[in-house]
Amino acid sequence: MLAPMRGAAAAALTELEREIDAPGSGLDRLHLVPTPFVPEVWLHLAEDAIVWWARMEALAGHPLPPPYWASAWAGGQALARHLLDHPELAAGRRVIDLAAGSGLVAIAAALAGATHVLANDIDSYAVAAITLNARANRVAVDVSGDDLLDSVGVDADLVVAGDVFYSRPMAERMLPFLRRAVASGAEVLVGDPGRGHLPADGLRVLADYPVPTTEPSVDSSLRRVQVLRPT
């Protein structure tokens, strides 16, 4: 069962529900669509996340966080595909999806048979979007908006993280957390499309996928994505 939301996440949920129910179509609307590389999972995505973002900021009258949750990022798509193709990785296990965005990987873990899934993202709109996407796919996913990266304990059997090495500050916080997860006995899987801050060593490649992208401002409709396991 999904926990009731409070505060900013509850307000974001109300706003996204209104957006989903609003009549009309266009680049600045959200649509429930199958994920390109993982059609088993349906997500509420923006046809153009930047256009949607601009309209929502104009309506709000103040800056809003970038809607990373409104696109199906390549690293997450590869991880979700890998979990559904290898359900034994998630089946019967407790899973944490870090920087979950749309919740795609968390939903895939639930579909693969995980006993408990926690999707974590500090953006209140992402928390709301994950709730709506889990509901659309009829799976149970708990959602947390807390910043987990400084926590010492990792209460999970499997930790998944897609597209998390997009900046040096994020990589410098993410890597120690993932190493602590491994040290605690959790399996860790990373999906990365060749972002510049991925460490050059200490990762074993498990799979390599050509992934269709819905990301804004990219120069190719396909990205090569590796699924990696820290060693």
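Visitor: Which elements each supply at least two residues of the lining of the largest pocket?
Guide: Those are β3, α4 and α6 (168-183). Helices and strands here are DSSP runs, with helices being H or I of at least four residues and strands being E of at least two, numbered from the N terminus. A pocket is an open set of points on a 1 Å grid over the protein atoms alone, with protein on both sides within 12 Å along at least five of seven lines, and lining residues have an atom within 4 Å of a point.

Visitor: Where does this model come from?
Guide: This is a predicted model, where local features need pLDDT of at least 70 and side-chain atom pairs count only at pLDDT 80 or more, while totals for chains, interfaces and linings use all residues. Residues are numbered from 1 along each chain as its sequence is written, and side-chain values use heavy atoms, with hydrogens and water left out.

Visitor: Back to the pocket, then. How much space lies in the largest pocket?
Guide: About 690 Å³. That volume is the space filled by probe spheres set on the grid points, which are joined across faces, edges and corners.

Visitor: Which residues are the closest to its centre?
Guide: Y68, A99, G101, D121 and Y166, out of 32 residues that line the largest pocket. The largest share of the lining comes from α6, with three residues.

Visitor: How do the residues of that lining divide?
Guide: Into 18 nonpolar, six polar and eight charged. Ala, Val, Leu, Ile, Met, Phe, Trp, Tyr, Cys and Pro count as nonpolar, Asp, Glu, Lys and Arg as charged, and the others, Gly among them, as polar.

Visitor: And how many cavities of 30 Å³ or more are there?
Guide: The count comes to one. A cavity is a set of grid points where a 1.4 Å probe fits but cannot get out. The largest cavity has a volume of about 30 Å³, and W52, L64, P65, W69 and Y125 line this cavity. Its lining has five nonpolar residues, no polar and no charged ones.

Visitor: New topic: β3. How many of its residues are buried?
Guide: Four of the five residues in β3 (residues 94-98) are buried, so to speak mostly covered. Buried means under 20% relative accessible area, exposed means over 50%, and partly exposed is in between, using a 1.4 Å probe and protein chains only.

Visitor: Which residue stands opposite V95 in β4?
Guide: V117 does. Strands β3 and β4 (residues 116-120) run parallel and are joined by four bridges. Two strands count as a pair if DSSP finds at least two bridges between them. From β3 the chain crosses through helix α4 (residues 104-111) to β4, in a right-handed β-α-β crossover. Right-handed means that, with the strands pointing away from the viewer, the path from the first strand over the helix to the second runs clockwise.

Visitor: How many bridges join β3 to β6?
Guide: Four, and β3 and β6 (residues 158-162) run parallel. L98 stands opposite A161, and I96 has V159 as its bridge partner.

Visitor: Which residues point one way from β6, and which the other way?
Guide: L158, V160 and G162 point one way, V159 and A161 the other, and all are buried. In a regular strand the side chains alternate between the two faces of the sheet.

Visitor: Is L228 buried or exposed?
Guide: L228 is buried, with a relative accessible area of 3%. You'll find L228 in strand β9 (residues 222-230).

Visitor: And V152, buried or exposed?
Guide: V152 is exposed, at 69% relative accessible area. V152 is in the loop between β5 (142-144) and β6.

Visitor: Zooming out, how many helices and strands are there in the chain?
Guide: Six helices and nine strands. The radius of gyration, taken over C-alpha atoms, is 17 Å, close to the 17 Å that the globule rule gives for 231 residues, so the chain is as compact as a globular protein of that length. The globule rule is 2.2 Å times the number of residues to the power 0.38. Buried residues make up 50% of the 231 residues.
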